[in-house]
Amino acid sequence: MSSFGSLFRVSTFGESHCKGVGCIVEGVPPRMKLSTADIQPQLTRRRPGQSKLTTGRNEADQVTIMSGTEFGVTLGTPIALFVANKDHRPGDYSNMKDIPRPSHADYTYQAKYGVRASSGGGRASARETIGRVASGAIAEKWLREQYGVEIVAWVSQVHDIKASRRFETDATVTRDVVDRNT
């Protein structure tokens with residue numbers, strides 16, 4: 001699904017090996033201070049190539065606010081966010097254009113839509129999460145400013161690699177603590 005939400009609506013766009021990915025965010029109230037500095041830390045957290053558990057693809061994931069703000073303040077209009085794909089090499093997948101890649105969504109996408117982007121997963125790529133993370137950073141800022149909500153989350157296990165169990169019961173765990181525990 002490329003669009004979700006009602007009062008706060010997000011539509012994502014782009015494919016893994018096209019010029020870029022991003023989203024349109026609707027429902028952000030006017031007069032909220034917003035700059036790339038509010039969004040970039042979350043994109044930096046999800047950036048590929050930071051551990052042995054992620055892809056080696058080297059992307060800076062630098063967000064640009066294309067519309068919806070002026071002088072660092074939201075206008076109450078849709079906010080367009082864009083992240084350029086710099087390390088896109090669609091030709092790397094040419095030998096797989098007729099064969100679904102194992103452990104990927106290629107076959108499912110082909111079966112559902114009758115077409116697929118053979119160049120690295122297209123919409124079924126992890127790059128699609130950029131719009132979700134960027135829009136989430138905006139929602140998180142609003143929740144923090146309006147209601148004092150702090151969101152802290154982490155992956156507790158990937159296969160046999162486990163995070164410390166103390167995170168599950170420690171109510172004082174902050175995002176900084178989680179980020180330092182790599």
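Is Ser135 buried or exposed? In this predicted model, Ser135 is buried, since its relative accessible area is 2% and the limit for a buried residue is under 20%. The residue belongs to helix α3. Leaving aside neighbours within four places in sequence, the contacts of Ser135 are with Phe8, Val10, Cys23, Val25 and Leu81. A polar atom of the Ser135 side chain lies 2.8 Å from the backbone oxygen of Gly131. Arg9 is 126 residues away from Ser135 in sequence, yet the two C-alpha atoms are 9.1 Å apart in space.

The sheet was examined next. An open sheet is formed by 5 strands in the order β1-β2-β3-β7-β4, with antiparallel pairing. Its edge strands, β1 (3-4) and β4, each pair on one side only. Strand β2 (residues 9-14) runs antiparallel to β3 and is joined to it by 6 bridges. Within this pairing, Thr12 has Cys23 of β3 as its bridge partner. Helix α1 packs on the sheet, where it touches β4 and β7, and its direction makes about 140° with that of β4. Helix α3 lies across β1, β2, β3 and β7 and runs at about 35° to β3.

The largest nonpolar core comprises 18 residues, and those with the most contacts inside it are Val25, Leu34, Ile39, Leu43, Ile79, Leu81 and Ile138. Two or more residues each come from β3 (20-26), α1 (36-46), β4 (63-67), β7 (79-84) and α3 (129-147). The largest contribution, 4 residues, is that of α3. For Ile39, contacts beyond four places in sequence are made with Leu34, Val63, Ile65, Leu81, Ala134, Ala137 and Ile138. Two residues of this core, Val25 and Leu81, are also among the contacts of Ser135.

Most residues other than glycine have a negative phi. Arg31, which is not a glycine, has a positive phi of about 75°. This residue is placed in the loop between β3 and α1. Arg31 is exposed, because its relative accessible area of 69% is over the 50% limit. His159 is likewise not a glycine and has a positive phi of about 55°. The loop that holds His159 lies between β8 (157-158) and β9 (161-162). With a relative accessible area of 71%, His159 is exposed.

Methods. Residues are numbered from 1 along each chain as its sequence is written. This is a predicted model: local features need pLDDT of at least 70, side-chain atom pairs count only at pLDDT 80 or more; totals for chains, interfaces and linings use all residues. Side-chain values use heavy atoms; hydrogens and water are left out. A nonpolar core is a set of buried Ala, Val, Leu, Ile, Met, Phe, Trp, Tyr and Cys residues joined through side-chain atoms within 4.5 Å. Buried means under 20% relative accessible area, exposed over 50%, partly exposed in between (1.4 Å probe, protein chains only). Contact means heavy atoms within 4.5 Å. A polar contact is a pair of N or O atoms within 3.5 Å; within protein, one must be able to donate a hydrogen and the other to accept it, and residues adjacent in sequence count only if both atoms are side-chain atoms. Two strands pair if DSSP finds at least two bridges between them. Axes are lines fitted to C-alpha atoms, for helices over the stretch in contact, and angles run from 0 to 180 degrees between N-to-C directions.
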